[in-house]
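Reader: I am new to protein models and would like to learn how to read one. Could you take me through it step by step?

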Amino acid sequence: MSAPAGTVAAPAGGLATLRRLIMYGLLFAVVVIAVSGLVGLLERLFRTASTLVAGDVAGLALSLAFTLIGGPLALLLWWFVWRRLDDESERTAAGWGLYLTGMYAVSLIIATTSLLDLASSFIGARESQWPSPLANGLVWAAIWLWHRWMWKHPRKPSSHLEDVRAVVGSVFGLLLGAGAAIAALSALLDTAIRGFTAAASFEPWWFDVLRSVLWAAGGAFVWWWHWFREGGRRFRTGLVDVAIIAVGIFVAGITALGGLGVALFVLLRLAFDRTDPLTALLEPLAPAIAAAVIGAVIWRYHRTASILRSTRTRRASLLVTSAVALAAAASGVGVVVNALLAAAVSPLAGGATRTLLLGGISSLAVGGPVWWLAWKPRHQPRTADQIPPGRRVYLVAFFGVSAVVALITLLVIGYRLFEFLLSDVTGGSVLDRIRAPVGLLVAAGLVAGYHLALWRHDRTLLAAAAPARKRVIEHITLVSGYSAAAVDPDALARGIADAGRGAKVTTWLRADDGGPGLPPSTTAPPSVEELTAQAATALDGVAARHVLVLAGPGGRMEIIPLAGPDSRAPASAERLSRAAVQGPQ
């Protein structure tokens with residue numbers, strides 16, 4: 001009879017980790033295999049009214065093998081794993097958490113996309129391909145419900161991973177819903193801007209809009225379920241903060257600024273650069289406006305959510321917003337310099353140069369104001385207390401990235417120059433060859449120089465506010481006039497070393513201890529504790545590297561700071577110690 005799982009001695013840490021890795025990896029694989037077979041069988045069942053099954057013997061055999069062999073193996077292995085989860089160490093192990101997270105994410109993504117594909121397939125006059133998405137959606141939805149039940153089981157809960165489930169679902173739903181919302185709004189605006197004849201399609205224009213709206217609604221529901229129903233917004237963990245900053249601020253900010261920049265670029269081209277047909281000019285306007293609107297809405301919501309969280313999260317959101325805007329503004333500067341150099345090289349090529357210049361101006365006009373509002377360059381810290389945490393990391397990171405970009409562009413410029421000098425083929429002027437990397441070099445140089453100046457300014461403030469550092473005593477030479485019977489020299493050396501904050505102590509005993517060279521002592525020698533306290537008081541405030549301590553009868557303690565070119569050298573210390581010992585004799 002086998003012993004219960006809870007009474008078995010736990011294996012070593014490395015062996016247990018390897019066992020969990022193999023077991024949960026194998027469980028993941030056999031579950032996927034069994035699900036694949038079951039999906040194939042269900043799809044064939046749904047198609048029996050219109051398709052003969054006997055025509056694909058190999059596919060049917062594969063589905064049967066996956067289902068009838070992989071299914072029982074998955075259930076057997078799961079039963080073995082589920083029994084071991086009575087132990088709390090198994091439930092809190094990283095392997096179980098990774099398995100739950102991976103299977104939860106895979107099942108959620110496949111089930112959601114399959115069911116939404118099924119629903120959107122009924123919109124329009126085209127033939128509905130419902131068996132495959134229906135089979136995928138049903139089976140993977142069952143797997144999702146199964147793993148959610150294990151995650152929230154009343155007796156075997158994995159409560160330490162609740163924020164992981166909320167983050168996975170909310171991020172997936174947000175990305176899915178935002179992308180579909182941009183597609184729906186883009187199709188609607190494109191029809192309104194360019195007219196009904198612009199879309200080359202054989203079905204009404206609102207079919208695409210309705211399908212995208214359906215996908216957007218599905219993604220929004222998944223996001224709402226995990227963010228509000230599962231309590232994702234209530235978790236105060238670092239993982240949730242990272243998701244807010246990375247997706248809600250960074251990705252949404254890039255989407256909003258990119259869309260706004262493209263929309264402004266189209267408007268500038270309509271005003272100053274009508275070289276292309278009107279339909280071609282207006283083509284990117286609708287997607288740009290849609291991206292700007294949806295991205296701004298998502299960014300605004302998460303910016304407000306970050307304000308209600310910790311101070312660290314709020315500051316991180318401002319730094320990320322500033323970084324995105326600065327990248328857009330810096331790229332605009334580089335493109336403007338590129339366009340100006342192109343105009344100087346070839347004044348007759350006005351169309352391409354004008355288009356390039358308008359692109360740089362639009363990027364600079366969008367990124368510059370946002371960076372100014374987020375970074376507030378006129379309200380920089382004036383004291384060390386005003387420097388927020390993370391600011392210096394941000395400055396160093398931007399300086400490092402800009403320096404790397406500048407180095408790469410310098411190498412490209414050098415390559416183009418040598419290529420121009422050594423090549424026999426005339427492919428344009430040297431300025432035309434290097435104008436693009438020169439523009440990038442100017443932008444990177446400005447960014448690197450600005451952030452380096454701010455970093456040095458902050459370092460000066462921190463250095464001025466830091467207390468003056470005292471020179472640490474490195475070496476103490478103790479000359480003891482007590483006999484070993486009266487005072488233990490080793491204990492006294494250890495006490496003085498502690499008083500000197502870990503300084504190295506060299507002990508010397510006077511050769512005339514107890515002889516005629518010393519006056520007789522009529523009092524009992526002090527204790528080691530009293531001598532140590534006396535030495536600590538005397539050493540307080542001494543700023544020399546090497547100190548000579550003279551301890552004699554009668555509780556006499558004399559501290560002599562020593563000066564020299566290198567008092568740390570053992571030979572120098574030995575000479576000084578011998579001189580101090582021989583002096584009184």
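Reader: What should I know about the model itself?

Author: This is a predicted model, in which local features need pLDDT of at least 70 and side-chain atom pairs count only at pLDDT 80 or more, while totals for chains, interfaces and linings use all residues. Residues are numbered from 1 along each chain as its sequence is written, and side-chain values use heavy atoms, with hydrogens and water left out.

Reader: Which residues is leucine 264 in contact with, leaving aside its neighbours within four places in sequence?

Author: Contact means heavy atoms within 4.5 Å. By that rule, leaving aside neighbours within four places in sequence, leucine 264 is in contact with Ser362, Ala365 and Val366. Leucine 264 and leucine 358 are 94 residues apart in sequence, and their C-alpha atoms are 9.1 Å apart in space.

Reader: How many helices and strands does the protein chain have?

Author: The chain comes to 17 helices and four strands. Of its 585 residues, 41% count as buried. Among contacts between residues at least 6 apart in sequence, 78% join residues at least 24 apart.

Reader: What is a nonpolar core, and which residues of the largest one touch the most other members?

Author: The general idea is that in soluble globular proteins, nonpolar side chains tend to be buried together. A nonpolar core is a set of buried Ala, Val, Leu, Ile, Met, Phe, Trp, Tyr and Cys residues joined through side-chain atoms within 4.5 Å. Here the largest has 34 residues, and Tyr24, Leu27, Val31, Val35, Trp96 and Tyr99 touch the most other members. Helices H1 (13–46), H2 (57–84), H4 (94–120), H5 (131–151), H6 (162–194) and H7 (205–229) each supply at least two residues of this core. The largest share, eight residues, comes from H4. Apart from this core lies another, of 20 residues, among them Leu174, Val240, Ala243 and Ala291.

Reader: How do I read a crossing of two helices, such as H6 and H10?

Author: Axes are lines fitted to C-alpha atoms, for helices over the stretch in contact, and angles run from 0 to 180 degrees between N-to-C directions. The axes of H6 and H10 (residues 285–307) come within 7 Å and cross at roughly 145 degrees. Their crossing is right-handed. A crossing is left-handed if the near helix is turned anticlockwise from the far one by less than a right angle, and right-handed if clockwise. The contact includes Leu174 and Ala178 of H6 and Ala290 and Ala291 of H10. Its residues divide into 16 nonpolar, two polar and one charged. Ala, Val, Leu, Ile, Met, Phe, Trp, Tyr, Cys and Pro count as nonpolar, Asp, Glu, Lys and Arg as charged, and the others, Gly among them, as polar.

Reader: Is the crossing of H4 and H5 left-handed or right-handed?

Author: That one is left-handed. The H4 and H5 axes come within 8 Å, crossing at roughly 145 degrees.

Reader: Is glutamate 230 buried or exposed?

Author: Glutamate 230 is buried, with a relative accessible area of 8%, and its place is the loop between H7 and helix H8 (238–272). For its partners, we need the polar contact: a pair of N or O atoms within 3.5 Å; within protein, one must be able to donate a hydrogen and the other to accept it, and residues adjacent in sequence count only if both atoms are side-chain atoms. The side chain of glutamate 230 makes such a contact with the side chain of arginine 148, at 2.7 Å, and with that of arginine 165, at 3.5 Å.

Reader: Where is lysine 156, and what does its side chain reach?

Author: Lysine 156 lies in the loop between H5 and H6 and counts as buried at 4% relative accessibility. Its side chain reaches the backbone oxygen of tryptophan 82 at 2.7 Å.

Reader: Which phi does lysine 376 have?

Author: Most residues other than glycine have a negative phi. Lysine 376 has a positive phi of about 55 degrees, although it is not a glycine.

How values were computed. Buried means under 20% relative accessible area, exposed over 50%, partly exposed in between (1.4 Å probe, protein chains only).
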